[in-house]
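Hi there,

Here is the structure I promised to pass on. Have a look at it first, and then read on for what turned up.

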Amino acid sequence: MSFSFFKPSRPKTPQEVAKAINDSLMALDTQTVVEVKALEKALEEVEKNFGTMKCMEGVLDLLIHKLPILGWEARKDLVHCWSILLKQKVDSTYCCAEYIENHLELLDFLVVCYDNKELP
């Protein structure tokens, strides 16, 4: 019988991270914050969740670089996800397109992979 007092944490989904950031940012509202401790806690949560989101961004790079070794079905699923991400618009900017503009090495890698005829 285990008497662990610490609950093992599972990774948060992107939706959970976005909701947590939204909740934390709403808690920063001066009308919501009653005391300094609540403000400090909200700031800590925002920083923690931004760190989690930054790790998720790193996964996008890794997926692109591992694309050539993925199987056919996995590649189709990944391309489908990218096509959805490319259409996502926040205000007037396309976030995924902007991300690729800021990381041109990913686009270069995709072009090289496209030209590689040895890929199945």
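I count a salt bridge when a side-chain nitrogen of Lys or Arg lies within 4 Å of a carboxyl oxygen of Asp or Glu. By this rule the model, which is predicted, has one salt bridge. The partners are the side chains of Lys-76 and Glu-73, at 3.3 Å from N to O. Both belong to helix H3, and because they are three residues apart there, about one helical turn separates them. An α-helix has 3.6 residues a turn, so residues three or four places apart point the same way. Lys-76 is partly exposed, with 39% relative accessibility, and Glu-73 is partly exposed too, at 47%.

Now to the inside. The largest nonpolar core has eight residues: Ile-64, Leu-67, Leu-78, Trp-82, Cys-96, Tyr-99, Ile-100 and Leu-106. Helices H3 (72-87) and H4 (95-102) each supply at least two residues of this core, and the largest share, three residues, comes from H4.

Cys-96, Tyr-99 and Ile-100 are buried; they cover an arc of only 95° around the axis, so they sit on the same side of H4. On the other side, Glu-101 and Asn-102 are exposed.

Finally, a word on confidence. The chain has a mean pLDDT of 76, and 80% of its residues reach 70 or more. Confidence is lowest in helix H2 (residues 36-65), with a mean of 75, and highest in helix H5 (residues 104-115), at 86.

Best wishes

How values were computed:
Residues are numbered from 1 along each chain as its sequence is written. Side-chain values use heavy atoms; hydrogens and water are left out. A nonpolar core is a set of buried Ala, Val, Leu, Ile, Met, Phe, Trp, Tyr and Cys residues joined through side-chain atoms within 4.5 Å. Buried means under 20% relative accessible area, exposed over 50%, partly exposed in between (1.4 Å probe, protein chains only). Helices (H or I, at least four residues) and strands (E, at least two) are DSSP runs, numbered from the N terminus. The arc is that of the directions from the helix axis to the C-beta atoms. pLDDT is the predictor's confidence in each residue, from 0 to 100.
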